[in-house]
Amino acid sequence: MELFWQILTGAALLWYSTVTIYVAFRGARDIREMLERLQRTADEK
Amino acid sequence: MTHFSWLVDGSIVGLYLLATMIAGIMVRKYVGKVEHFLVAGREMNVYLGVASLAATEFGIITCMYAAQNGYKYGFAGATPGILQALAMFLVGYTGFCIKPLRDAGVMTLPQLFQVRYGSFIRWLAGVVIVLGGLLNMGVFLRIGGEFLVVVCGFNLRYLELTMTVLLIAVAVYTIVGGMLSVLVTDYLQFVVMSVGLIAVTILIIVKIGWASLAGTVTQHYGAAGFNPFLHADMGWQYVLFNLLNCIAIVLTWQTTIARVLAAKDSRTGRKVYTRTAFFFVCRFLIPGVWGIAALAFLTPAMYDRLSDTMRASQSLYAMPLLLSAIVPVGLMGLLVAAMLAADMSTDSSYMLTWSSVIYNDILAPFRRTIWPEKKGLRWNRCIVALIGLFLLFYGLWYKLEGDLWMYLQLTGAIYLSSMSVLLIACCYWKRANSWGAGAAIACGAIVPIAYLAMQQIPHTQALAQRIGANMSGLATYVLVALAMIIGSLLKPAARPTGAR
């Protein structure tokens, strides 16, 4: 069982590091697009 | 001795707080309608959803109870994280309940219930959700404040002041920007929080060593420290109760499903779930490793730094004590900023989502006519402010007894058990009706409250201990399901139209 937790901890750190970098870029784009869509909707009204 | 330096670490924390406040307040101009305030105009895309869900579901409170689990149970303490990851992935992959929920276009869970169970059950569900949610959230501030006090080495007298300042900052941007501010600040907070968590975990593993961590768990708990089924305080009841709770959280916890409801469509909501699922393993395992590290590193003399009250809950405060001792200047600033980020994102989301239920469902009977958007926004903002005040006062006087994770599970169970059964029946059982729903809500509230009361009354404390929190929780789920089935079957079926 110790090996299981060792692998899981390693996998968690690796996954989390990768996802943080990826989400940092894609999330910023999502925010920009979300605010643009809201602005467009407000302008149309 | 703590390594917090006001010049270096204080500047990092100050910079982070300033950036968050500016970002949170800047988006206020996009809030023109109640829908913008409560569900960000349903414009949230996948990665913003992942950042927001992860940031919301990780607060200082999470870090504290997950570390406490690691300290008390070893690696087996991270079991709830694995269960929640599985539950979230399966629900996201299949769309179980969350697809019909998002497709219904509602803003809250009780709003969906109105269709099948009627307006009284919608109102009652709203009351139960808010009651369970606020009791649950009530301990967040104090625990968060205590963490900061121990890590930074502040005087305990400043705890209330620290809590108040933090809450006011969160309340300001939540009140002005609602869900839009929550999403944008959550994104920033996710990045800061994640960098801090990863850096500190690597530091701990390098400094203490994996062999020492595993050896400590073996020394204190033997094989049970790695396997929850072998642990005397856990066993199958713990695993089963946690599994049920994790499924219920994923389906009905208002802060979690708020991301599904704010998503562009149900497909986006499901992707947010599947892509965030593994985060829940990290959510328990990373602080769990910190807790184990505290067990390995701290000597009895080191606990003298804690106040008398804190020493009584040694397992809870060991982790911040460890961090204060081993995190160096500079990284300490990043750690404090990360934990503030974690806490602020949780507080803002929680305040907003409970307020959304109060406005949308509890006040629904008073909104017979359609309110102008400005009036609706004003009410929502006032409710968020009132929740902030409640948190401040409840957080100051409530004294936590026993295991923090179990307190959260029990208070959460007040609504998790009944709401999950109501949701599943609402989506997939045509025979479900208001009688069953009412009986399920009553059972779901009575059993956990009775158990909490038994824990407080001296005459019944022994009995409460014999029953145990896990069995009490399991009994709640069973009774709630039975109540829904029996209640629904007892109510006479509606006659077909035209029948005499």
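View 1. Helix α4(B) is mostly covered, with 14 of its 14 residues buried; a residue is buried if 20 or more other C-beta atoms lie within 10 Å of its own, exposed if 12 or fewer, and partly exposed in between, with C-beta atoms placed from the backbone. The model is predicted: local features need pLDDT of at least 70 and side-chain atom pairs count only at pLDDT 80 or more, while totals for chains, interfaces and linings use all residues. Residues are numbered from 1 along each chain as its sequence is written, and chains are lettered from A and ligands numbered from 1 in the order in which they are written. Helices (H or I, at least four residues) and strands (E, at least two) are DSSP runs, numbered from the N terminus. Helix α4 of chain B holds residues 60-73, and at 1.5 Å a residue its 14 residues should span 20 Å, which agrees with the 20 Å between its end C-alpha atoms. The expected span is 1.5 Å times one less than the number of residues. Just after α4(B), B:G74 takes a positive phi of about 75°.

**View 2. Helices α7 and α8 of chain B.** Two packed helices are described by the angle between their axes and the distance between the axes. Here α7 (residues 109-117) and α8 (residues 119-137) of chain B pack at an angle of about 150°, with their axes 7 Å apart. This angle makes α7(B) roughly antiparallel to α8(B). Axes are lines fitted to C-alpha atoms, for helices over the stretch in contact, and angles run from 0 to 180 degrees between N-to-C directions. Angles under 35 degrees count as roughly parallel, over 145 as roughly antiparallel, 65 to 115 as roughly perpendicular and the rest as oblique. The crossing in which α7(B) passes α8(B) is right-handed; a crossing is left-handed if the near helix is turned anticlockwise from the far one by less than a right angle, and right-handed if clockwise. Two residues are in contact if their C-beta atoms, placed from the backbone, lie within 7 Å. Ala, Val, Leu, Ile, Met, Phe, Trp, Tyr, Cys and Pro count as nonpolar, Asp, Glu, Lys and Arg as charged, and the others, Gly among them, as polar.

**View 3. Helices α9 and α17 of chain B.** The axes of α9 (residues 140-152) and α17 (residues 314-326) of chain B come within 7 Å and cross at roughly 35°. The crossing of α9(B) and α17(B) is right-handed. From α9(B), the residues B:F147, B:V150 and B:V151 meet B:Y317, B:P320, B:L321, B:L323 and B:S324 of α17(B). This contact has 7 nonpolar residues, 1 polar and no charged.

View 4. Chain A has 1 helix and 0 strands. Its C-alpha atoms fill a box of roughly 60 × 15 × 5 Å, taken along the principal axes. Of the 45 residues in chain A, 24% are buried. In the interface, 25 residues of chain A are in contact with 31 residues of chain B. On the chain B side, the elements that give two or more residues are α3 (46-56), α10 (159-208), α11 (210-221) and α15 (279-297). Helix α10(B) gives the most, with 8 residues. The side of chain B that touches chain A divides into 24 nonpolar, 6 polar and 1 charged.

**View 5. B:I12 in helix α1 of chain B.** B:I12 lies in helix α1 (residues 8-26) of chain B. B:I12 counts as buried because it has 20 C-beta neighbours inside 10 Å. Not counting residues up to four places away in sequence, B:I12 touches B:G333, B:L334 and B:A337. B:I12 and B:M193 are 181 residues apart in sequence and 13 Å apart in space, C-alpha to C-alpha.

**View 6. B:C97 in a loop of chain B.** B:C97 is found between α5 (79-94) and α6 (98-103) of chain B, in the loop. Phi of B:C97 is near 70°, a positive value in a residue other than glycine. With 22 C-beta neighbours inside 10 Å, B:C97 counts as buried.
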